[in-house]
Amino acid sequence: MTDARGARSEAVALAYTAGEAAPRVVAKGKGVLAREILERAREAGIYVHESPELVSLLMQVDLDARIPPQLYIAVAELLAWLYRVEGGASAGPVPVAHDLPQSLRPRPAGTP
C-alpha cells in the first residue's frame, strides 16, 4: 500500500527454505517500519515485489507464522517466478511481469 505521497506504507517479508511446509512471515510493519524493511531488503540484495493485495493479506498473518493454505498458490507463483528471475540465463529466458498472474504483477508507483 502507499500513502498520499506515493511511498510504501506497509511491507511484509517472507522467508522460505526448501523442505519447509510453507514460507513464514519474518517481518511486517507500517510507515517507518515498512520503509526500514524495504531498505534492509534492498541493501541485502533481496528482491522486493510490490503487490498491495498480497501485502494486505500477509499483514493479517502473525509474525513468525507460516502463510495460510489460502495463500499457497499466490505465494508459490511468486516464488517460482522469482526463482526463474534469479536463475538468469541458466533458467531460460528471463520472465517479465506479465508472466505473473495479474494480481501479483508489480504496479507503477502511485497506482492504486
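A salt bridge, as the term is used here, is a side-chain nitrogen of Lys or Arg within 4 Å of a carboxyl oxygen of Asp or Glu. D64 forms one with R24, the closest N and O atoms being 2.6 Å apart. D64 lies in the loop between α2 and α3 and R24 in strand β2, so the pair ties together parts that are 40 residues apart in sequence. Helices (H or I, at least four residues) and strands (E, at least two) are DSSP runs, numbered from the N terminus.

Before going further, a word on the model: it is predicted, so local features need pLDDT of at least 70 and side-chain atom pairs count only at pLDDT 80 or more, while totals for chains, interfaces and linings use all residues. Residues are numbered from 1 along each chain as its sequence is written, and side-chain values use heavy atoms, with hydrogens and water left out.

Most residues other than glycine have a negative phi.

The structure holds four salt bridges. Another of them joins the side chains of R66 and E20 (3.5 Å, N to O). Here R66 lies in the loop between α2 and α3 and E20 in the loop between β1 and β2 (24–30), so this pair ties together parts that are 46 residues apart in sequence. R66 is partly exposed, at 38% relative accessible area, and E20 is partly exposed too, at 23%. A further salt bridge, between R40 and E36 (2.7 Å, N to O), sits within helix α1, where the two residues are four apart, about one turn of the helix. R40 counts as exposed at 56%, whereas E36 is partly exposed at 32%.

Helix α1 also holds I37, which is buried, with a relative accessible area of 15%. Leaving aside neighbours within four places in sequence, I37 is in contact (heavy atoms within 4.5 Å) with A11, A13, A27, K28 and G29. Of these, A27 is ten residues from I37 in sequence, and their C-alpha atoms are 7.3 Å apart.

Now to the interior. A nonpolar core is a set of buried Ala, Val, Leu, Ile, Met, Phe, Trp, Tyr and Cys residues joined through side-chain atoms within 4.5 Å. The largest one has 13 residues, of which V12, L54, L58, I67, L71 and V75 touch the most other members. Helices α2 and α3 are the elements that give two or more residues to this core. I67 touches L14, A22, P23, L58, Y72 and V75, not counting residues up to four places away in sequence.

Finally, there is a pocket to explore: an open set of points on a 1 Å grid over the protein atoms alone, where a 1.4 Å probe fits, with protein on both sides within 12 Å along at least five of seven lines; lining residues have an atom within 4 Å of a point. The largest pocket has about 830 Å³ of space, a volume being the space filled by probe spheres set on the points, which are joined across faces, edges and corners. Of its 31 lining residues, V12, A13, L14, I46 and Y47 are the closest to the centre. β1 (10–15), α1 (32–43), α2 (52–58) and α3 (72–87) each supply at least two residues of the lining.

Methods
Buried < 20%, exposed > 50% of the residue type's maximum accessible area, 1.4 Å probe, protein only.
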